[in-house]
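Walk through this structure with the sequence alongside.

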Amino acid sequence: MTDQARGLRELMKEQRKAKAPLRVIGVASGKGGVGKTNVASNLAALVARAGHRVLIIDGDLGLANVEIVYGLKPRFHLGHLLSGEADIKDVLVDGPHGVRLLPAGNGVQALSRLDESQQLRLLTALDALEDEFDFVFLDAGAGIGDNVLFFIGAAQEALLVVSPEPTSLTDAYATVKVLCQSAGVRHFDVVVNQAPSEAIARDIFDRLLAVASRFLDARMRMLGWVPRDENVHRAVMAQRPLIDAFPTSPATRALNAVVDNLLHEPPPAQLDGGLKLLWNRLLRDSKAA
Ligand SMILES: Nc1ncnc2c1ncn2[C@@H]1O[C@H](COP(=O)(O)OP(=O)(O)O)[C@@H](O)[C@H]1O
Ligand SMILES: [Mg+2]
């Protein structure tokens with residue numbers, strides 16, 4: 001490449017960055033079953049529908065993973081990428097509205113035990129993706145297992161999904177505490193899911209905020225709330241994304257409001273970084289483990 005061409009490329013890269021800095025959002029919850037995967041998958045699809053380039057990485061090995069919510073049956077997953085059986089372009093699949101999915105398979109477990117050639121493969125693959133996305137969502141597993149710390153600790157933004165079930169709040173607080181104290185997460189965007197009413201959703205948030213601000217060095221903001229809505233379950237059963245299967249349902253409307261807030265009010269003091277930094281941190285942590 002000539003110096004001029006290189007200069008031009010750098011300039012274009014800078015301009016693209018100036019337009020849309022990459023946001024890496026780790027989605028966490030206290031216990032499982034609060035609706036984290038459904039919220040993350042539909043938010044990612046809505047952000048894509050709004051015209052952004054979105055990647056969702058499935059780091060949840062639970063049953064209803066992202067591919068099921070999207071109604072996809074991917075041929076390859078992260079494990080194939082790491083073993084060299086598939087290229088990143090074979091592994092990423094198209095979800096609704098152009099959102100791209102990196103399916104988990106058993107790859108998430110493998111992520112914490114990479115040999116050097118796998119590390120190189122992953123870094124090379126993801127390095128090439130950095131400029132291709134505006135948003136990366138990470139659906140981390142439930143609770144505070146290693147995978148969750150691994151993913152959320154490396155992301156720039158933590159989005160916490162809680163539900164009004166009595167144990168959800170205690171579990172959510174435990175998750176916030178560990179993410180804050182062990183993974184250095186200082187800001188949490190909270191979505192209260194499966195709430196019977198807005199008043200209850202706000203009350204849940206206020207209680208979480210009260211303990212967090214009293215005992216932890218963490219800020220918290222209510223990004224929105226999603227009502228309990230049978231259509232969420234119906235969409236999963238129909239293997240169609242909720243936002244497409246039931247576009248006017250209460251849950252879809254609420255998710256749209258969450259996306260509005262997410263897009264128009266990025267969290268304060270956004271970290272610098274992006275995908276490369278994320279993966280470098282992941283690899284550093286996996287080496288340290
Ligand atoms: N807003 C909601 N209203 C009703 N049911 C919901 C809602 N969100 C999620 N669910 C249901 O809760 C169950 C768990 O959802 P899921 O997204 O898999 O949770 P998680 O990822 O937290 O384990 C699913 O059966 C899903 O259909
Ligand atoms: Mg899940």
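**From the chain to a single residue**

Of the 289 residues in the protein chain, 45% count as buried. The model is a predicted one. Its secondary structure comprises 14 helices and eight strands.

How confident is the prediction? The protein chain averages a pLDDT of 83, and 76% of the residues score at least 70. Helix α6, residues 107-111, has the lowest, at a mean of 58. Helix α12, residues 242-245, has the highest, at 98.

Start with helix α2. This helix covers residues 36-49, 14 residues in total. From first C-alpha to last, α2 reaches 20 Å. That is close to the 20 Å expected at 1.5 Å a residue. Is α2 mostly covered or mostly exposed? It is mostly covered, with 13 of its 14 residues buried. After the helix comes Gly 51. The phi of Gly 51 is positive, near 105°.

Now turn to a helix pair. Helix α9 spans residues 166-183, and helix α10 spans residues 198-215. The two pack at an angle of about 40°, and their axes are 10 Å apart. Angles under 35 degrees would count as roughly parallel, and 65 to 115 as roughly perpendicular. The pair α9 and α10 is therefore oblique. The crossing of α9 past α10 is right-handed.

Which residues make the interface? On the α9 side they are Leu 169, Ala 172, Tyr 173 and Val 176. They meet Ile 204, Arg 207, Leu 208, Val 211 and Ala 212 of α10. An α-helix has 3.6 residues a turn, so residues three or four places apart point the same way.

Finish with a single residue. Ile 68 sits in helix α3, residues 66-70. Is Ile 68 buried, partly exposed or exposed? A residue needs 20 or more other C-beta atoms within 10 Å to be buried, and 12 or fewer to be exposed. Ile 68 has 17, so it is partly exposed. What does Ile 68 touch, leaving aside residues up to four places away in sequence? Its contacts are Val 236 and Gln 239. Asn 38 gives another reference point. Ile 68 and Asn 38 are 30 residues apart in sequence. In space, C-alpha to C-alpha, they are 9.7 Å apart.

Notes: Residues numbered from 1 in each chain as written. Chains lettered and ligands numbered in written order. Predicted model: local features only at pLDDT ≥ 70, side-chain atom pairs only at ≥ 80, totals over all residues. Helix = DSSP H or I, 4+ residues; strand = E, 2+ residues; numbered from the N terminus. Expected span 1.5 Å × (residues − 1). pLDDT = per-residue confidence, 0-100. Axes fitted to C-alpha atoms, helices over the stretch in contact; angles between N-to-C directions. Parallel < 35°, antiparallel > 145°, perpendicular 65-115°, else oblique. Left-handed = near helix turned anticlockwise from the far one by under 90°. Contact = placed C-beta atoms within 7 Å.
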